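Look over the sequence and the structure before reading on.

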Amino acid sequence: MTMSNTGGRRKPPTIHDVAREAGVSRGTVSRVLNGGHYVSPSAAQAVDAAIRRTGYVVNRHARSLITGRSDSVGFLLTEPQERFFEDPNFNVLLRGCTQALAAHDIPLLLMIAGTQAERRRIVRYITAGHVDGVLLVSSHSGDPVAEELRAAGVPLVACGKPIGLGSKVSYVAADDRDGARDMVRHLLGLGRRKVGVVTGPLDTPGGVERLAGYKEVLAEAGIAIDERLIVSGDYSRASGEAGAERLLAGAPDMDAAFVASDLMAQGVLTALHRAGRRVPQDVAVGGFDDSQAALSASPGLTTIRQPWDRISSEMVRVLLAQVGGEDPATVILPTELVKRESA
């Protein structure tokens, strides 16, 4: 490592220092830093060792001027800010994506856009080239963000299938419909016949698919759909509580409830307790996600596990492939029924 002429302060190591330490050309070091194409394994190992010994850190600004890339990715949540702090799924997904990108030495920028003005501002920021791609979370139908980013040519991967865009946008999702079917079959297998449902927002893919799975299993069992047993929520605990109150008012003989998120299921449990209904003796309750909310519920919540680690790693994999020039892709991952005390 070289010394400056002023005050003995150390200069940061340069690509020339790495090349000299590794015994290769500056061009070889540059190729290693930009993906390792046309570099022999022995040369790549020598460069990696030299980087560790010298403490060289890539000058991202300088590299972005050459490559036209920012070497960063955006995590865009199109929900109000308070939802990010309330819903444990968002934090789990953010952590997983951050870890997956860290393996590629790529930082993740968290962006929250809960209003139209915020969405317009963030779309301008993204399309100006400040990130190389976007991981989009919680896209509602009618929300123009996904379409605007796609039209601008921004690499994009959504968590869940964006309604109305079909195969035009890459997405990674758990099998919402199949998970819902597993839960409703489990509740029916307990001998329950008046199964209520608190859906997610019906302008989101999870809300639509989980309700569809619920209806399909009732039809298989020869049970007529009773609209009094269907209410909608917004994935918040408060909406689960309000939903349970509506169900009890409309169908007091309800003996089971499928709730489309664990957080809403906590609200359902609160409302049932207040109404004097025992869980699971009077009303069996099943959630969806297998989040921290399921573990902290009382009684412990039977739920559908979403593979959040795989969802986040696949979102990053598909996005980086798209940044590298590949076409949009779709990944659907299986869910798992997790039995606890509530059902």
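Angles under 35 degrees count as roughly parallel, over 145 as roughly antiparallel, 65 to 115 as roughly perpendicular, and the rest as oblique. Keep that in mind for this predicted model. Helix H9 covers residues 176-189, and helix H10 covers residues 205-220. Their axes come within 7 Å and cross at roughly 40°. H9 and H10 are therefore oblique to each other. Their crossing is right-handed.

## Where H9 meets H10

H9 brings Asp176, Arg177, Ala180, Arg181, Val184, Arg185 and Leu188 to the contact. From H10 come Gly206, Glu209, Arg210, Ala212, Gly213, Tyr214, Glu216, Val217, Leu218 and Glu220. Sorted by class, the contact has 7 nonpolar, 2 polar and 8 charged residues.

## The sheet

An open sheet is built from 6 strands. Their order is S2-S1-S3-S4-S5-S11, and the pairing is parallel. Which strands stand at the edges? They are S2 (108-112) and S11 (330-333). Each has a single partner strand, so one side of each is left without a neighbour in the sheet. From one strand to the next, the twist averages 15°.

Now take one pair. S4 (residues 156-159) and S5 (residues 170-174) run in the parallel sense, paired over 3 bridges. Val157 stands opposite Ser170 in S5.

## A helix on the sheet

Helix H14 (residues 308-323) packs on the sheet. H14 touches S1 (73-77), S3 (133-137), S4, S5 and S11. The direction of H14 makes about 165° with that of S4.

Key. Residues are numbered from 1 along each chain as its sequence is written. This is a predicted model: local features need pLDDT of at least 70, side-chain atom pairs count only at pLDDT 80 or more; totals for chains, interfaces and linings use all residues. Side-chain values use heavy atoms; hydrogens and water are left out. Axes are lines fitted to C-alpha atoms, for helices over the stretch in contact, and angles run from 0 to 180 degrees between N-to-C directions. Helices (H or I, at least four residues) and strands (E, at least two) are DSSP runs, numbered from the N terminus. A crossing is left-handed if the near helix is turned anticlockwise from the far one by less than a right angle, and right-handed if clockwise. Contact means heavy atoms within 4.5 Å. Ala, Val, Leu, Ile, Met, Phe, Trp, Tyr, Cys and Pro count as nonpolar, Asp, Glu, Lys and Arg as charged, and the others, Gly among them, as polar. Two strands pair if DSSP finds at least two bridges between them.
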